Amino acid sequence: MIRYNPFREIEQLQNALLRNFFTPTTESANTPLVDALEDAQGVHLAVYLPGVEPSQVEVTTENNTLTIRAERPFNKPENANQWRLEGVYGKFERSFVVPNTYDLSKIEASFKHGILYLDIPKAEAAQPRRIEVRTNS
């Protein structure tokens with residue numbers, strides 16, 4: 001005779017739900033965190049992409065839009081059971097509309113320790129300049 005344990009069914013259902021909930025999807029894009037600072041030279045962005053390889057990062061500009069795309073694939077070891085996944089996996093994407101006062105053609109990008117650094121300089125026309133005043137003597 002086998003004893004019936006109603007809690008076993010609840011536990012199995014809970015494990016199945018957690019397994020599905022914590023499985024990464026590549027269907028939707030995650031939004032990376034960004035720090036944006038401005039000084040006299042331009043705007044400086046720090047885009048947080050932990051665990052992303054630099055080769056998986058794409059920075060594009062079109063019209064006045066700056067777009068950052070990246071991907072962190074989920075590599076599950078064979079025969080491993082996942083208990084919990086709290087890291088963010090899949091595709092990342094973030095876009096910014098940049099005013100004409102900045103020159104998107106002169107962006108400089110670097111990547112260090114999972115952070116993408118972008119420097120967007122001010123456009124020549126937006127740079128402060130001193131106008132010499134002449135006298136007609």
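Analyst: Let us begin with pairing: two strands pair if DSSP finds at least two bridges between them. Please keep in mind that this is a predicted model.

User: What makes strand S2 and S3 a pair of strands?

Analyst: Strand S2 (residues 34-38) is joined to S3 by 5 bridges. The definition asks for at least two bridges, so the two strands count as paired. They run antiparallel. In this pairing Ala 36 stands opposite Leu 45 in S3, while the bridge partner of Leu 37 in S3 is His 44. S2 and S3 form a hairpin, with 3 residues between them.

User: Why are S2 and strand S7 called edge strands?

Analyst: The open sheet has 4 strands in the order S2-S3-S8-S7, with antiparallel pairing. S2 and strand S7 (108-112) each pair on one side only, and they are its edge strands. Neighbouring strands of this sheet are turned by 15° against each other on average, direction ignored.

User: Which residues of the largest nonpolar core touch the most other members?

Analyst: They are Leu 45, Leu 49 and Leu 116, in a core of 17 residues. Strand S3 (42-48), S5 and strand S8 (115-121) are the elements that give two or more residues to this core. Beyond its neighbours within four places in sequence, Leu 45 is in contact with several residues, including Ala 36, Leu 66, Phe 96 and Leu 116.

User: How do you know whether Thr 67 is buried or exposed?

Analyst: Its relative accessibility is 8%. Buried means under 20%, so Thr 67 counts as buried. Thr 67 belongs to strand S5 (residues 65-72).

User: What makes the link between the side chains of Thr 67 and Ser 95 a polar contact?

Analyst: The distance is 3.0 Å.

User: Why is Pro 121 called partly exposed?

Analyst: Pro 121 has a relative accessible area of 24%. Buried would require under 20% and exposed over 50%, so Pro 121 falls in between. This residue lies in strand S8. Pro 121 and Asp 103 are 18 residues apart in sequence, yet 5.8 Å apart in space, C-alpha to C-alpha. Asp 103 is one of the residues that Pro 121 touches; Tyr 102 and Ile 107 are others.

User: Why is the aromatic pair of Phe 74 and Tyr 89 described as edge-to-face?

Analyst: A pair of aromatic rings is described by the distance of the centres and the angle of the planes. For Phe 74 and Tyr 89 these are 5.0 Å and 75°. Phe 74 and Tyr 89 lie in the loop between S5 and strand S6 (90-97), so the pair ties together parts that are 15 residues apart in sequence.

User: Which of these terms applies to Phe 74, buried or partly exposed?

Analyst: Phe 74 is partly exposed, at 29% relative accessible area. Tyr 89, at 18%, is buried, because its value is under 20%.

How values were computed. Residues are numbered from 1 along each chain as its sequence is written. This is a predicted model: local features need pLDDT of at least 70, side-chain atom pairs count only at pLDDT 80 or more; totals for chains, interfaces and linings use all residues. Side-chain values use heavy atoms; hydrogens and water are left out. Buried means under 20% relative accessible area, exposed over 50%, partly exposed in between (1.4 Å probe, protein chains only). A polar contact is a pair of N or O atoms within 3.5 Å; within protein, one must be able to donate a hydrogen and the other to accept it, and residues adjacent in sequence count only if both atoms are side-chain atoms. A nonpolar core is a set of buried Ala, Val, Leu, Ile, Met, Phe, Trp, Tyr and Cys residues joined through side-chain atoms within 4.5 Å. Contact means heavy atoms within 4.5 Å. Rings of Phe, Tyr and Trp (its six-membered ring) pair if their centres lie within 6.5 Å; planes under 30 degrees apart count as stacked, over 60 as edge-to-face and the rest as tilted. Axes are lines fitted to C-alpha atoms, for helices over the stretch in contact, and angles run from 0 to 180 degrees between N-to-C directions.
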